[in-house]
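Please keep the structure in view while reading, and find each residue as it is named.

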Amino acid sequence: MRYEPPLLDTRIQFAASTHACFPFALLFSLGFVAAHLIRADTTIAAQVAGKNKPATPAEPRITFNWVHVDGPYIAMTFDDGPNATLTPKLLDILAAHHIKATFFVIGENVVQHPEVVARAVREGHEIGNHSWSHPNFGKMSDDAVRRELRRTEDAIKSAIGTGTTLMRPPYGSLTARQKRWIHDEFGYQIILWDVDPLDWKRPGPAVVCNRILKETRPGSIVLSHDIHPGTIEAMPSTFDQLEAKGFKFVTVSDLIRMARSEPSKPATGERANVPATISSPPSGSTTLTPGSSPNG
């Protein structure tokens, strides 16, 4: 005869078993909830910390071919001087228009005409290093580039009593690595341009003037050369018409000090951060930096 346990005993055993498991189930549920809350708090804390963490500062900009500014400010720059006769004529024109400009000088010429450089500084203009003999830096060794810059820096200091913080490489030719070590070693900001009237080709004063008027925008760095008669002849009309358009003239350093954060997309009519013209490199030279000219 098969033994059947009493129904009551079975129910009691089931109830006892259920009662014994309940604390474990409760503890498991509470642990799960607590872990979830801790994980949520950690996520929120991380998000808050991320929002409150100071942004990593952007690396300082060392190369300029234009500057984003609030206002109609531009910088006129003149390369390859000083010239004994043409640069003083240009200084007279600048004085008549109350314009301050930036001169990127050749060391050999500074040694020959230090009085012209000194006059430019007395009248409020700015001087930049444009090498000793106008070679193509992009094809030279670091030591050779260093000698070119150092000799010119010394010539500038001898002429005006102080050095410069600006450098424009001849032809605009400079590698990214050269830009970095030149900035680190000399403290130079590398200045290129976005307006190039190609005055070194001597197209005539009217053409030089019209090209500058057509390409110049707020923040432009305008390239010209104070060693060509046609360029000097073009400047009075160029300055008159730029002023009529509302442009205001400052040195390159002042333009850089006016810099504002660039918008993500340039507004209509605003210049993008690219040169207006890129000239073909001289025969046998390396590819030029954007904003370069065979006679920069």
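The model in view is a predicted one, and it holds nine salt bridges. Side chains of opposite charge can pair when their charged atoms come close.

- Glutamate 185 pairs with arginine 146 in a salt bridge, in which the closest N and O atoms are 2.7 Å apart.
- This pair links distant parts of the chain, because arginine 146 sits in helix α5 and glutamate 185 in helix α6, 39 residues apart.
- Arginine 146 has a relative accessibility of 25%, so this residue also counts as partly exposed.
- Another salt bridge joins the side chains of arginine 177 and aspartate 142, with 2.9 Å from N to O.
- Arginine 177 belongs to helix α6 and aspartate 142 to helix α5 (residues 142-160), so this pair ties together parts that are 35 residues apart in sequence.
- Aspartate 142, at 22% relative accessibility, counts as partly exposed.

**A buried pair and a network**

- Aspartate 79 forms a salt bridge with arginine 168, and their closest N and O atoms are 2.8 Å apart.
- Because aspartate 79 lies in strand β2 (residues 73-79) and arginine 168 in the loop between β5 (166-167) and α6 (176-186), the pair ties together parts that are 89 residues apart in sequence.
- Both partners, aspartate 79 and arginine 168, are buried.
- Elsewhere, a network of salt bridges links Asp92, Arg119 and Glu123.

**Nonpolar cores**

- The largest nonpolar core has 34 residues, and those with the most contacts inside it are Met76, Phe78, Leu94, Phe103, Met235, Phe239 and Leu242.
- At least two residues of this core come from each of β2, α2 (86-97), β3 (102-105), α4 (114-122), α5, α7 (205-215) and α8 (229-244).
- Leaving aside residues up to four places away in sequence, phenylalanine 103 touches a set of residues that includes Phe78, Leu90, Leu94, His125 and Asp226.
- A second, separate core has 15 residues, among them Phe64, Leu166, Leu192 and Leu255.

Definitions and conventions: Residues numbered from 1 in each chain as written. Predicted model: local features only at pLDDT ≥ 70, side-chain atom pairs only at ≥ 80, totals over all residues. Heavy atoms only, no water. Salt bridge = Lys/Arg side-chain N within 4 Å of Asp/Glu carboxyl O. Helix = DSSP H or I, 4+ residues; strand = E, 2+ residues; numbered from the N terminus. Buried < 20%, exposed > 50% of the residue type's maximum accessible area, 1.4 Å probe, protein only. Core = buried A, V, L, I, M, F, W, Y, C linked by side-chain atoms within 4.5 Å. Contact = heavy atoms within 4.5 Å.
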